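Open your viewer, switch to a cartoon view and keep the selection tool at hand. We will walk through a few stops together.

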Amino acid sequence: MNKVLNLALGSALLVGAAVLAIPSSADAYALIGGKLQINQRDFRCSNDFSDPYANDNQTPHANWPGYQGANMSMWKAGSEWSSRNFGDGSGDGTQNSVGDGLANFNFFWNGEASNTGGTNDNIISHLNGSSGGVLAYCEMPHTDGWRIRFYESWSWDDNPGNTSSARMDLQGVATHELGHALGLDHSSNGSATMYYAASGNGVSSRSIESDDKNGVQAIYDPRDTAVLPTITSLAGSLAAGGTCTVTGTNFTATNNTVWLNSDVLNSNDSGGEPYKITGVSSSNGGTTLSFTVPSSGIESGAIHIQMDGAGQKSLSEGHPFDLAAGPPPTDSILLTVTDTTPNTGQNVTFDWSQAPAWATYELLYSFRATGSVINGQNFDIGAPHNLANSGTMGWDGTGSYTVRIPGKGAGRTVYLELRADDSTGTTFDSNMVTLNIN
Ligand SMILES: [Zn+2]
């Protein structure tokens, strides 16, 4: 019988005692023993959750493109353990950032599985029935592949915000179970995601604590920025037959491998193996590489780059890209200003948030609010518009700009709006801010 590690509600007991490695006294995490090799980093979801709230979040997000509902919850849960912060949990007031592991470790989201798979297929799914206070469990041993099951007897919710206390949080519980999959046992720290019992309905488990972070780093070592590949942007074409250029760091001169979600590329059931484009050389000192998009086309997801070799530090974090047809929703970026009726000579500060990670931005102003179209996106400000400030977002999609109101602005009304272009060249816009200058 496989050993299982579960997350229980309240005081239910851990099933299957593990032999624990003892960490330093300040730490409370515990290790199962063993780590996931590069060929076990993939994970999928068999989305058979039938609860009415388990798949009712249908709002797309640029950081987890192409998937909504329980699938997005699972992908976000895996992202939290990633080597690098790559985005906020927009719409999720409980999470300011996703990707807090900062170890040489990244899960690879491989889309939706067509069935629950075997015990080594790295698939998350639901399971009929119940087992006392147990919410979910991860089947061990993990190093040759794992499986996670959620008991159907609970009412599951994929809400990216604050899940009702009447229901249990899919993302938080998945974050805990994926911690087992990567090699963490239960922590004795009551606020850690890896504590054996969920706090409340599990929402707080979405964000890992420093104890969890120390745990994943104990297994995979702290992120080695001199070695671990990173991806900062994608350019060119992601259409079938197109050439996509990836910019980043630490690519090897030859034999890099591009990893893509294989849900569609491998006829919907790949056995879990990512779709790989092998033998890719880099240029510019290991910062640029290009690959030809398969003639079948690819699907929205995340690109990972594996450098030459199969060591623990060879796989980059995932860089999301969205091939979805249609423009993003309008006003998805939040723009505010410290004073809407400033005097000339006074400083005002514009702040923005909820923009795509790493996007290039322009803060635009106009004397008209008659609307305009910029790169296919509808803006509230009219043409002509002028540039107030420009730059590149950080991972958290926020920024600010302070400007002194010039004397010639006296008595005028000025309209401002933020433009942000993500790594695929898609344009997002903010709400419009109106300044009535005294
Ligand atoms: Zn557990």
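Here is a short tour, one selection at a time.

Before you start, note that this is a predicted model, where local features need pLDDT of at least 70, side-chain atom pairs count only at pLDDT 80 or more, and totals for chains, interfaces and linings use all residues. Residues are numbered from 1 along each chain as its sequence is written.

**Stop 1: a helix under cover**

Select residues 170-181, which make up helix α2. Helices here are DSSP runs of H or I with at least four residues, strands are runs of E with at least two, and both are numbered from the N terminus. The end C-alpha atoms of α2 are 16 Å apart, which agrees with the 16 Å that its twelve residues should span at 1.5 Å a residue; the expected span is 1.5 Å times one less than the number of residues.

Is α2 mostly covered or uncovered? Mostly covered: twelve of its twelve residues are buried, among them His-176, Glu-177 and His-180. A residue is buried if 20 or more other C-beta atoms, placed from the backbone, lie within 10 Å of its own, exposed if 12 or fewer, and partly exposed in between.

**Stop 2: a four-stranded sheet**

Next, colour β10, β11, β15 and β14, which lie in that order in an open, antiparallel sheet. Strands count as paired if DSSP finds at least two bridges between them. β10 (230-236) and β14 (282-283) each have a single partner strand, so one side of each is left without a neighbour in the sheet. Zoom in on β14 and β15 (residues 288-292), which are joined by two bridges; Ser-282 has Leu-289 of β15 as its bridge partner.

**Stop 3: a three-stranded sheet**

Move on to β18, β19 and β24, an open antiparallel sheet in that order. Its edge strands, β18 (334-337) and β24 (399-404), pair on one side only. Between β18 and β19 (residues 347-353) there are four bridges, and Val-337 is partnered with Phe-350 in β19.

**Stop 4: a glycine in a loop**

Finally, select Gly-382 in the loop between β22 (377-379) and β23 (386-392). Gly-382 counts as partly exposed because it has 14 C-beta neighbours inside 10 Å. Show Ala-369 too: its C-alpha atom is 4.9 Å from that of Gly-382, although the two are 13 residues apart along the chain. Leaving aside residues up to four places away in sequence, Gly-382 also touches others, including Ser-366, Arg-368 and Ser-372, where contact means C-beta atoms, placed from the backbone, within 7 Å.

Definitions and conventions:
Contact = placed C-beta atoms within 7 Å.
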